[in-house]
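This report describes a few local features of one protein chain. Please look at the sequence and the structure before reading on.

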Amino acid sequence: MNAPRILIVGPAWVGDMVMAHSLVQTLLQRHPGAVVDVLAPGWSLPLLARMPGVHEGIEMPLGHGKFGLATRWRLGRRLRGRYDQAIILPGSLKSALVPFFAGIPQRTGFRGEHRYGLINDMRPLDKARLPMTVQRFTALGLPAHAAMPPPYLRPRLTVDPANQARLLRELSLDTALPVIALMPGAEYGPAKQWPLAHFAELARRLIESGRQVWILGSAKDRAAGEAITSQAGAGVRNLCGQTRLEDAVDLLALAQAAVTNDSGLMHVAAALDVPTVALFGSSSPAHTPPLSERAKVLYLGLDCSPCFKRVCPLGHTRCLSEIHPSQVMDVLQVL
C-alpha cells in the first residue's frame, strides 16, 4: 500500500503550531514514508521549515478570523487530488472548508462548529481524558478507537548555524558571556504577563552574576523590552521587533537558559531543549506546559487561577506578581 499523503490544517498561534509537530511525528511513525503538508498562516511557514518531517508548508492566504469563502474554495480546488486525508486542528467551521472543497476522502477533526458533512471522520473531544493540547493534536493522528490519552512525541525544531552567524554579526551580539533570554510578551493578553519590574529585577541579578540578557519578542513587545532595559541598565539587549520568528529560533538556541511567560516563544524554547523557566498564572500548565524535560514551571495555583482571561478580572494579577525574581533566580541556578 502506498504511503498516504496527509494535509494538516494548522492552528493560528505560535505555541500551538509548535505543538502540532508532535502530530507530524506521530503520523510519520505510523506511516513511514508518508508525505505530511501543513496548511497554515503565512507567518508560520519559516517555522514549519524548521520542523523535521514537514514536507511543505502551504500558505492560507487569509488573516485570522477571516471567512473568505471564495478564497477557500479556490484554494481547495487547487489542492484537489493531492491528499488522502486531512486533519483539521482548529475547531471552527471555516477551518474545515478547504479540505472539503479539495475533495479529500478522509477529513478528520473533533466535533466543533456545526461541521457535520465537512468532516466525515468526526471525533468527540473528551477534555477530561485529553487535558493537554498536545494530546488532542496527537489523538487526531491515531485511529478513532485508540486508547486515550495517547503518548506523544515532543516537538523539535532545527537550527540554522549560518543564520545564527549572520545574526550575531548584524546585531553586534556575542556569546562571550552566558546568555539568558527573557521573553516578556504574551500575545493572548496582559493576564499572562509577568510584571515588567520583575523581569527588570531578574535582569539586574543576572548581570551581577556575570551573565548577559537578550530580550526576545515581536514588534508588539518592543515597549516592554525598552522598559526592562531602562530599569536594568547595561548588559541587556532589547531585540524585540528586530528579528523574524526563525531568527528568534536561532538566537534562543544560543541561550544558556530562558525565562518566559506562557507564550509561543516558550514552546519554541522547549522544542529547542533550552533550559526554561515558564511562568504561569491565568493559564494552566496542565493544558499547555512547555514540552521539555529541561523546563521548570512556576505556578502558584491561587483560588482565582487559572481564569483563562485576557485581562485579570480582579485587577491585581497576583497569580504572577507574587512569583518573585528571587524564586526564578533560584530555579535558574539549578537548571
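The model is predicted. Thr317 sits in the loop between β12 and α11. Its phi is positive, about 50°, although Thr317 is not a glycine. Pro306 is also found in the loop between β12 and α11 (318-321). The peptide bond from Ser305 to Pro306 is cis, with omega near 0°.

Another cis peptide bond joins Met148 and Pro149, with omega about 0°. Pro149 belongs to the loop between α5 (133-139) and α6 (161-170).

Ser172 lies in the loop between α6 and β7 (179-183). Ser172 counts as exposed because its relative accessible area is 59%, and the cut-off for exposed is over 50%.

| Residue | Phi |
|---|---|
| Ser172 | near 55° |
| Thr317 | about 50° |

Next comes the sheet. Six strands form an open sheet in the order β9-β8-β7-β10-β11-β12, and the pairing is parallel. Strands β9 (236-238) and β12 (295-299) are the edges, each pairing on one side only. From one strand to the next, the twist averages 20°. Strands β11 (residues 276-280) and β12 run parallel and are joined by five bridges. Leu279 has Leu298 in β12 as its bridge partner.

The side chain of Asp262 makes a polar contact with the side chain of Thr288 at 3.5 Å. Beyond its neighbours within four places in sequence, Asp262 is in contact with residues including Lys192, His267 and Leu279.

Note on methods. Residues numbered from 1 in each chain as written. Predicted model: local features only at pLDDT ≥ 70, side-chain atom pairs only at ≥ 80, totals over all residues. Heavy atoms only, no water. Pairing = 2+ DSSP bridges. Helix = DSSP H or I, 4+ residues; strand = E, 2+ residues; numbered from the N terminus. Axes fitted to C-alpha atoms, helices over the stretch in contact; angles between N-to-C directions. Polar contact = N/O pair within 3.5 Å; in protein donor to acceptor, adjacent residues only side chain to side chain. Contact = heavy atoms within 4.5 Å. Buried < 20%, exposed > 50% of the residue type's maximum accessible area, 1.4 Å probe, protein only.
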